[in-house]
Amino acid sequence: SSARFTLHPDFAVGEVDPRLFGSFVEHLGRCVYTGIYEPGHPTADDAGLRTDVLGLVRELGVTAIRYPGGNFVSGYKWEDSVGPAEERPRRLDLAWRSTESNRFGLSEYIAFLKKIGPQAEPMMAVNLGTRGVAEALELQEYANHPSGTALADLRAAHGDKDPFGIRLWCLGNEMDGPWQTGHKTAEEYGRVAAETARAMRQIDPSVELVACGSSGQSMDTFAAWEATVLAETYDLVDYVSLHAYYEELDGDRDSFLASAVDMESFIENVVATCDHVGARLKSKKRINLSFDEWNVWYLSKTQREAEENPLDWPEAPRLLEDNYSVTDAVVFGSMLIALLRHADRVTIACLAQLVNVIAPIMTEPGGPAWKQTTFFPFAQASRHGRGQVLDVRVDSPTYETKRHGEVPLLHATAVRAEDGTVTVFAVNRSQSEPLPLDIALEGLGLKALIEHSALADDDPDARNTLDEPERVSPHAVTGTRLADGTLSATLEPMSWNVIRLG
Ligand code: AHR
């Protein structure tokens, strides 16, 4: 049997915010050191940034880049990361049992963003784990105040005369998680987040602030946490955060392929919770969602390794270096579809992370950089997923999953660009069967198929590696037709598809 849906320009979800294609650089493993920054590398520029990685980051099409953590931020002393690099202190990083050299810091992060290009925007987290209001204000003043105060002048003395102009700030990270240094109850966090937000707005009322939501929908405190935190912060913050990671568990690939069902319900439950608090406060203001960590992550493997072999404070160890298969990339693509389908409320999203650490870009110290399978869906979505998301209601055959019940085989969204071209992003979740798809195109003035590209492979476990860095990439699909206002295609089993029409 086949799947179908209808597209019509009058039925739209909302505009895609460019920040939906954000990413995340944490001081974790080799994301920074030997990832984006490696002085002495054959491709390093005079600032020690790897230009091979910079090229891939541009091609990936990332926008906002969250920094410096993650769990790392809950022990972060921003003062350690500024000034002459050789004088910066080495510190224990409790989050990852590593040693932080601080060779790469705030100024280097801003320089990195500038080198990516104007599309790259800072998204800076403050430490609300071991620190509080005062240190957040000091960091904000150091970063953003033009001149004439001790901290602004210190920045200038450090070589950064121009303020960094950081607009977007995260008020801590995963403060609901018992693993977080300085973990808090919702009441405790709600209070400190509110007071930090109030004070930061005293410096600059135009800052945009993200309050920590839950580290996952399965947290015991989920939803109650958001409601309590927002009751304190509703008028003071702009976004609440969501984090979600998925992995194949117990060989149950069918459930893994349906991970976005959980992701979409998570989004819808957070929207409901935000709006419930808004209703109780009789507020007209709407809180948007910052899905500022999302990805496939083999977390159970990371946890097992940490338990069996606790680290002895190494510098830039190999951590969380998941090597993604085609299957992982299909699930990853489905997560992108989930974000786009909720573009009216999810206005920031950060792929966690950017390089080496659960990342679309991998590097070898002193060696090459290459693309993981997940690089392709992200780059395609960032390039073609800009504009207005059209409402897609699929009529699809279904399949049974252990974790998510009965799930449609087709997962899809469509984005109409300013120039009128439409891009359909679609995943076939079936492990074995091709899925015929018909899309009725009404009132869109579409005349031709531009391309149909797919990521799928006879070997669902195929991946790109150091030895075979180009094993997997998208291929052109033949046989897709546009006739009499209907697009007809066949989606290969377990495939991520990009169908462009003009
Ligand atoms: O992205 C890896 C880690 O996942 C982050 O440090 C933390 O915020 C989350 O638990």
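The legends below accompany several views of one predicted model.

Because the model is predicted, local features are described only where pLDDT is at least 70 and side-chain atom pairs count only at pLDDT 80 or more, whereas totals for chains, interfaces and linings use all residues. Residues are numbered from 1 along each chain as its sequence is written.

**View 1. The protein chain as a whole.** The protein chain holds 11 helices and 25 strands, these being DSSP runs numbered from the N terminus, with helices (H or I) of at least four residues and strands (E) of at least two. Along the principal axes, the C-alpha atoms of the protein chain fill a box of roughly 70 × 60 × 45 Å. Buried residues account for 49% of the 502 residues, where buried means that 20 or more other C-beta atoms lie within 10 Å of the residue's own, exposed means 12 or fewer, and partly exposed lies in between, with C-beta atoms placed from the backbone. Of the contacts between residues at least 6 apart in sequence, 77% join residues at least 24 apart, a contact being a pair of residues whose C-beta atoms, placed from the backbone, lie within 7 Å.

**View 2. The annotated C-terminal region, residues 292-495.** An unreviewed UniProt entry lists this stretch as "domain: Alpha-L-arabinofuranosidase C-terminal"; UniProt positions are given in the numbering used here, feature names are shortened, and annotations may be inferred rather than shown by experiment.

**View 3. The residues around the ligand.** The shell consists of Glu26, Gly69, Gly70, Asn71, Asn173, Glu174, Ser215, His243, Glu293, Ala352 and Gln353, each counted as near if its C-beta atom, placed from the backbone, lies within 6 Å of the molecule. By class, the shell divides into 1 nonpolar, 7 polar and 3 charged residues; Ala, Val, Leu, Ile, Met, Phe, Trp, Tyr, Cys and Pro count as nonpolar, Asp, Glu, Lys and Arg as charged, and the others, Gly among them, as polar.

View 4. Most residues other than glycine have a negative phi, and most peptide bonds are trans. Gly69 and Gly70 are joined by a cis peptide bond with omega of about 20°, and Gly70 is found in the loop between β4 (64-67) and β5 (91-93). The peptide bond from Ala352 to Gln353 is also cis, with omega near 0°, and Gln353 is placed in the loop between β12 (346-352) and β13 (361-363). The loop between β12 and β13 also contains Asn356, whose phi is positive, near 65°, and which counts as buried with 27 C-beta neighbours inside 10 Å.

**View 5. Helix α8, residues 259-280.** This helix has 22 residues and reaches 32 Å from its first C-alpha to its last, close to the 32 Å expected at 1.5 Å a residue, the expected span being 1.5 Å times one less than the number of residues. Its buried residues are Ser259, Ala260, Val261, Met263, Phe266, Ile267, Val270, Thr273, Cys274 and Val277. Just after α8, Lys282 takes a positive phi of about 55°.

**View 6. Helix α11, residues 375-384.** Because 8 of its 10 residues are buried, α11 is largely enclosed by the rest of the structure. The buried residues are Phe375, Phe376, Pro377, Phe378, Gln380, Ala381, Ser382 and His384.

**View 7. The surroundings of His27.** His27 lies in the loop between β3 (22-24) and α1 (51-60), and it is buried, with 28 other C-beta atoms within 10 Å. Leaving aside neighbours within four places in sequence, His27 is in contact with Val32, Pro68, Gly69, Phe72, Asp93 and Glu100.

**View 8. The loop at Pro146.** Pro146 is located in the loop between α3 (133-144) and α4 (150-157) and counts as exposed, with 12 C-beta neighbours inside 10 Å. Beyond its neighbours within four places in sequence, Pro146 is in contact with Ala152 and Pro163; the C-alpha atoms of Pro146 and Pro163, 17 residues apart along the chain, are separated by 5.5 Å.

Note on methods
Two residues are in contact if their C-beta atoms, placed from the backbone, lie within 7 Å.
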